[in-house]
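Subject: Structure handover

Hi,

Here is the structure to look over. My notes follow below it.

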Amino acid sequence: MHINQKLSSIYLRVAIGISYLWEVADRLGLFGPNGHPHVGWGDWKHFVAYAKQVMSFLPEGIVNPLATIATIGEGGFGLLLILGLFTRMAAIGSGILSLCFAIAMAISFGIESPLGYSVFTLSAASFLLASLTQYSWTLDKWLATRLVNKKLSAYQSQQNGLKADDQDLHHTVIDLKQIRALAQIDYRI
């Protein structure tokens, strides 16, 4: 993997992940109450009031559940992206979620709102992250490396006529081509 793609994938993951977690922390009041400097919402009540404005075209009864789902999604995607766990799926989910935000903002406030707040940019960055072929410094890569090492160890034991430690690996025939294929990919859907 080229150094540019390595750095880009790390930067995209961390920037998107921290942005999501920051917004979740703000709406849960972790940065202080509403009205304090550098606090957007300050509590759930003020966030839901904003969500009602953003989703003004929807029935009011579904806004609170959608705001809750969005908050859980943002927190989950943010955490997964920072950790680098299920990175591709988290990036796709992030892209879809932020695209939904952008469309809702455009319907309710006009196109300048999602453009001005770079919500389409967030969506595009998420989809770009999902399109990368590999991710550096991720739990995905660590787990894939562990799997390759485990299969390679089982293959070596099989070649030496020894029993494999893992029951699942013991019952399957370990193929060197399979190990090579696993070693060539980090994590894919």
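Start at L129. Leaving out residues up to four places away in sequence, L129 touches S9, L12, R13, I16, L81, A91 and Y135. A contact here means heavy atoms within 4.5 Å.

Before going on, note that this is a predicted model, in which local features need pLDDT of at least 70, side-chain atom pairs count only at pLDDT 80 or more, and totals for chains, interfaces and linings use all residues. Residues are numbered from 1 along each chain as its sequence is written, and side-chain values use heavy atoms, with hydrogens and water left out.

A second, separate core has 12 residues, including V48, M55, A67 and A102. The largest nonpolar core has 13 residues, and L129 belongs to it; I16, L81, A91 and L129 have the most contacts inside it. Four helices each supply at least two residues of this core: α1 (3-27), α3 (63-83), α4 (87-109) and α6 (119-131). A nonpolar core is a set of buried Ala, Val, Leu, Ile, Met, Phe, Trp, Tyr and Cys residues joined through side-chain atoms within 4.5 Å. Buried means under 20% relative accessible area, exposed over 50%, and partly exposed in between (1.4 Å probe, protein chains only). In soluble globular proteins, nonpolar side chains tend to be buried together.

Overall fold

The protein chain has nine helices and zero strands. Helices (H or I, at least four residues) and strands (E, at least two) are DSSP runs, numbered from the N terminus. Of the 189 residues in the chain, 37% are buried. Take the chain's contacts between residues at least 6 apart in sequence: 62% of them join residues at least 24 apart.

Aromatics

The whole structure holds five aromatic pairs. Rings of Phe, Tyr and Trp (its six-membered ring) pair if their centres lie within 6.5 Å; planes under 30 degrees apart count as stacked, over 60 as edge-to-face and the rest as tilted. W22 and F31 make a tilted pair, 4.3 Å centre to centre with 35 degrees between the planes. W22 counts as partly exposed because its relative accessibility is 46%. F31 is also partly exposed, at 34%. W41 and Y50 are tilted too, at 5.9 Å and 40 degrees. W41 is buried, at 14% relative accessibility, whereas Y50 is partly exposed, at 27%. W41, W44, F47, Y50 and F109 form one aromatic cluster. R27 lies over the face of F47, 3.9 Å from the ring centre. For that call, NZ of Lys or CZ of Arg must be within 6 Å of the ring centre and within 35 degrees of the ring normal.

Pocket

The largest pocket is lined by 33 residues; E74, L97, F101, M105 and V119 lie nearest its centre. Its lining draws at least two residues from each of α1, α2 (44-54), α3, α4 and α6.  A pocket is an open set of points on a 1 Å grid over the protein atoms alone, where a 1.4 Å probe fits, with protein on both sides within 12 Å along at least five of seven lines; lining residues have an atom within 4 Å of a point.

Backbone

Two loop residues deserve a look. H38, in the loop between α1 and α2, has a positive phi near 65 degrees. H38 is exposed, at 77% relative accessible area. F86 sits in the loop between α3 and α4, with phi about 50 degrees. Most residues other than glycine have a negative phi.

Best wishes
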